[in-house]
Structures are given as structure tokens and as C-alpha cells.
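Work through the two exercises below with the sequence and the model at hand, and compare each step with the solution that follows its task.

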Amino acid sequence: MHKAGTATPDRFPAQERLAAGAQYIGGRLTKGTTGRTHAVVDPATGDEVYTFELAGTDDVDAAVAAARAAFPGWAATTPGERSEALHRFAAVLADRAEEFARAESLQCGKPLKLTREFDVPGTIDNTAFFAGAARHLQGQSAGEYSGDHTSYVRREPIGVVGSIAPWNYPLQMAAWKILPAVAAGNTIVLKPAELTPLTSLLFAEAATAAGIPDGVINIVTGTGKEAGEHLVGHPDVAMTSFTGSTAVGKRVAEIATATVKRIHLELGGKAPFLVFDDADLEAAVNGAVAGALINTGQDCTAATRAYVQRPLYEEFVARTAALMETVRLGDPFAHGTDLGPLISHVQRDRVAGFVERARAYARVVTGGEAPQGELEKGAYYRPTLVADAPQDSEIVQSELFGPVLVVLPFDSDDEGIRLANDTPYGLAASAWSRDVYRANRATREIKAGCVWVNDHIPIISEMPHGGYKASGFGKDMSAYSFEEYTQIKHVMFDNTAVARKDWHRTIFGDR
């Protein structure tokens, strides 16, 4: 049974509407059928703010059936019709922007200024981008590539897409999964993380309000082990898209292989932040703190390993630590808050464990502790700078997902680039230099899906996002994402009856 949480209406305006349940199937909110409940917890206070019935395999089956029933009609719409629907969708999202910002801050602990200025505007922009991009789905022009035959390529939707989104950017990740899929003519079932389902549900509800047909977008909120694995393995799901850890991504790939379905994986990251000795030091320090602490460090592209050429190393460490110490932790809804809590106490304790173990082999320059006093109830952790860790240590090699930056020195350019590439991951990186040739070499030789120069973190709808190596494969955002959500068909016309007869004789001989 659903029960109201402790969130006040100003923090969670949609609370009464979502009381109908945390599943969105066939255009309406429903309750899960497992009989088990789960609570969304405000990580800033530890209070339960929304309790819902978890989805099980029956709910996944119902959502897939709704998506399958909606697919023929949606796939048959013209790109222009899908474009118009997505433009209306963007307008609805813009009208409800504050509601989305508050729900995202509440469930994730993000500062409200971040959700207002980054998460929600980014999602609206993504929606507007795919509204336009829907009209630019192209195959290939016709041509006579084989004598009297004309060939062309059709780009077609795949069918029902089953997607799984993470808890760190629940609204944006829902958008990144849903928008290219439906713009290309697919229907979708999305499973958000059970920690953060609120904005995914509101997103689907807004799509219906914009006139997108029932069943095109469905949400099931259940555990990964039950609802997630059933969705990935479902025989009527033609494709799976997953964002999350590399370890879980391997499990998704294993399950998807059984039904030979297409998979798209955006997995972990351990982004290097490479500072050459000619860099603008002030800009690099500011970039490192912003890049490391964005979303409390819970970002696959966050700056986690700063490699600083030795002439700048000690000053970089000192100035970065000093700037970190000015960052204000506090209530996500308070005007002056710079940094909110981690998603949960479990995640906070995991991050703290990495730092405590690092004390045996590295220097904790600042941070390395949870705050006391009025913030004790929340999952807060102070911005932390760790210096002089060995390259092969766990804090350098493993994804922490917290507000921790590790700084290491390097001598030659060759060494810096080698160290930047020396982890299993390859999602993002940045290089800091005033020398265009040095920076260009770094962008060429660093093995990552995105390399920023003299910046770290910004993304735009028009450009792709995706990884190399253990960070996965496939692209989110941009027109490149259509490669994930469409399939290519070769069509060939015989232009003459003579050619047809000649081909018959070639195979069977004269009769």
C-alpha cells in the first residue's frame, strides 16, 4: 500500500499524483504486484518521502505487452508526426520545470540550483533536439550499384526497447534512454533505479500529457535482480540499453546474449584530468574542483584522477585543497548550498572506506570525513583531496563515485598520457595546456569517448556521449544515438524483365 512520506508540498509538489503508484504502464500510473514496498529516502535527512509497491515480473510483462501493442502504430507515424509530438513534450516539460527540479533534488540530494540550472534545462534541451532530429533519420540515396538494379537503404525502428537507468542522474538518464528510441519509432519500457523513480514517472506522465500515445513510454520500478533481469531477458524486447557499473553491465550482456538482442552499454568511468606545465593554473584548479565535485562526485565522467606535471604539482595540490575547503555543504533546497549528500549512507560509507584505506599509502590533504552537527543525519561527506597515491592503488584504479579527487605527479608528456590511459575505463578525460599541439596530441592519444581541452564536464545534445574499453559501447545523445535504436535494411529493385531472366539462367542454366 502506498503511504505518504514526510516531504512537504513545496519540496514534492507531485506527491499526491504519484500516490497512484510507481509503475507507468499503458498511459497510467499503477501499483506494483509483488506485495513488497520500497521507500524513497531523502539522502539529506534520512527521512522516507515516498513509499511504493515494487514491480515484479508480471508488471514487466504487462509493460512489455503495452509497448508491443503500441509499436505498430507508433512506428507507422511519419518523422514529422513524431517530431511534433516531441516538440509538445518539450513544452510540457518546460511548463513543469520547477516540479521536476524539486523532485530530482529531493530524491537525489542534489542542490536545487543544480537541478534548476543543469538537470532540468538539459532534459528539456535534449527533448527539443530529438524533436528536430526525428525529421533527419536518413537511409541512403538510391543508386544503380549492380547493373540494372536500383538499391537503397531503409533505416527502421527495432521494436520494444528495454532500458535500465541509474540513480545518479535519473531524469537525464531517462531522457537519454527514451528520447532517441521513440524519436526513431520504437516503444520503450524503462526501469529506473528503485532509489530514484520519481522524475522518471513524471517524465512518462508528461509525455502522455503531450499527446504521445499510451504504451509508447512505460516505466517499471522494481529491483534489478527481479524486474531488471526479467526485462533484459524478455523475448519480446528487441534491444537493451543499460547505464550503470561495469560489473552489472557484464551481467546485462550475459542475459541479453541468450536472446541475441542488441545491447547498448554506458558503464563506469575513472576520468583523468591531465595538467601540463604550461596550463593556466587558476583555470585548472577551478576546473578540477568543479569537475570532481559535480553531483557530489557521483558522475561517470567526473574528474577523479588529476595528473599534474611536476613543476606545477605542489602548488596545484595546495590551491585545490584550499578551494575545496570553501565548498559549502548543506540543505539541497537552501540557496547557499554548493554540495549535497551522497545518494545514501551505504554509498557514503563505501566512499569513506576507500579514503580510510588510502591513508596507509597516500596523503589525505583535506576532507576525508563526514561532517558533524546538523548534517549528521544525511549522507554527507566532505570534499576530499588525496595526493601521492601509487598508480596501481585501488583509489586510483577503482570507481569511487564520491567527492574525492586523487592527484599524482608526472614528468614527461609521454608519461602523463600513459598514466591517463592506465585504467580499464575510457569514458571521459580532459587535458589542460596553452599549447595547441600538446593539447591536440592528448585528444588523439587519450583513449576515451570524450576529451575536453581546458574544461571538464560540459555536454551538449548535439554531440555523442559514450565510452571506450570497460566503459562500454554505443552512444547517447546526438544523431549518433540513432545508430543504436535503428536497424538497416537493404532494398534492391530489378529494373528490367530481361535482367531477371538472365539471372535465372545464371543460376539454373537453360531449361
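**Exercise 1.** Determine how many aromatic pairs there are, and classify the pair formed by Phe130 and Phe482.

Rings of Phe, Tyr and Trp (its six-membered ring) pair if their centres lie within 6.5 Å, with planes under 30 degrees apart counted as stacked, over 60 as edge-to-face and the rest as tilted. By this rule there are ten aromatic pairs. The ring centres of Phe130 and Phe482 are 5.8 Å apart and the planes stand at 80°, so this pair is edge-to-face. It links distant parts of the chain, since Phe130 belongs to helix H4 (residues 112–133) and Phe482, 352 residues away, to helix H15 (residues 482–485); helices (H or I, at least four residues) and strands (E, at least two) are DSSP runs, numbered from the N terminus. Both residues, Phe130 and Phe482, are buried, where buried means under 20% relative accessible area, exposed over 50%, and partly exposed in between (1.4 Å probe, protein chains only). The model is predicted, local features need pLDDT of at least 70, side-chain atom pairs count only at pLDDT 80 or more, and totals for chains, interfaces and linings use all residues. Residues are numbered from 1 along each chain as its sequence is written, and side-chain values use heavy atoms, with hydrogens and water left out.
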